Amino acid sequence: MKVRILMETRQTVDGETELIRHEARAVMRLGEEDAVLTYLLDGIHHEMLIDFRTPSVSVTRNWQEGQSLFYESGRKHTVRYETPAGSMDLSFETKSILLERGNFTGGDARLSLSYRISQYGEAICDCELSIAISPLE
């Protein structure tokens, strides 16, 4: 099924808050216990796996498992994150995840994540990510 993804990240660094918006068209494959969304964002292939049981979300960039971001309440993981300026180790600590399952079969759902990004043990920023999935008309 073809869907639209709207991602809004509210990122707070040193008391300053920035809102970042991304929109993409995606193909969603729906299973009984999960959904997989495949999409291009800024020319980079992404695959998002939403696990309804946990709930958890993982995002793999350019088919590289070593660059997968994983979000599950109370879980922290470190990933080698690639940027245009080079790669760096970043730690992601998920504070909470809320999956409003909505009507996934109709291509309509919403996710909310709250997490902290750290580098070398120092907090860099606190983030809130909202992901809205809607049918592509």
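Contact is defined as heavy atoms within 4.5 Å. By this criterion, and not counting residues up to four places away in sequence, Tyr39 touches Ile5, Met7, Ala24, Arg25, Ala26, Ile44, His45, His46, Met48 and Val59. The model is predicted: local features need pLDDT of at least 70, side-chain atom pairs count only at pLDDT 80 or more, and totals for chains, interfaces and linings use all residues. Residues are numbered from 1 along each chain as its sequence is written, and side-chain values use heavy atoms, with hydrogens and water left out.

The largest nonpolar core holds 33 residues. Such a core is a set of buried Ala, Val, Leu, Ile, Met, Phe, Trp, Tyr and Cys residues joined through side-chain atoms within 4.5 Å. Buried means under 20% relative accessible area, exposed over 50%, and partly exposed in between (1.4 Å probe, protein chains only). Leu37, Tyr39, Met48, Ile50 and Phe104 touch the most other members.

Nine salt bridges were found in the whole structure (a side-chain nitrogen of Lys or Arg within 4 Å of a carboxyl oxygen of Asp or Glu). Glu8 pairs with Arg21 at 3.3 Å, N to O. Glu8 lies in strand S1 (residues 2-13) and Arg21 in strand S2 (residues 16-30), so the bridge ties together parts 13 residues apart in sequence. Strands are DSSP runs (E, at least two residues), numbered from the N terminus. Glu8 is partly exposed, at 26%.

Asp126 and Lys95 form another salt bridge, with closest N and O atoms 2.9 Å apart. This pair links strand S10 (residues 122-135) to strand S8 (residues 86-103), 31 residues apart. Glu33, Asp51 and Arg53 are linked in a salt-bridge network.

Key. Helix = DSSP H or I, 4+ residues; strand = E, 2+ residues; numbered from the N terminus.
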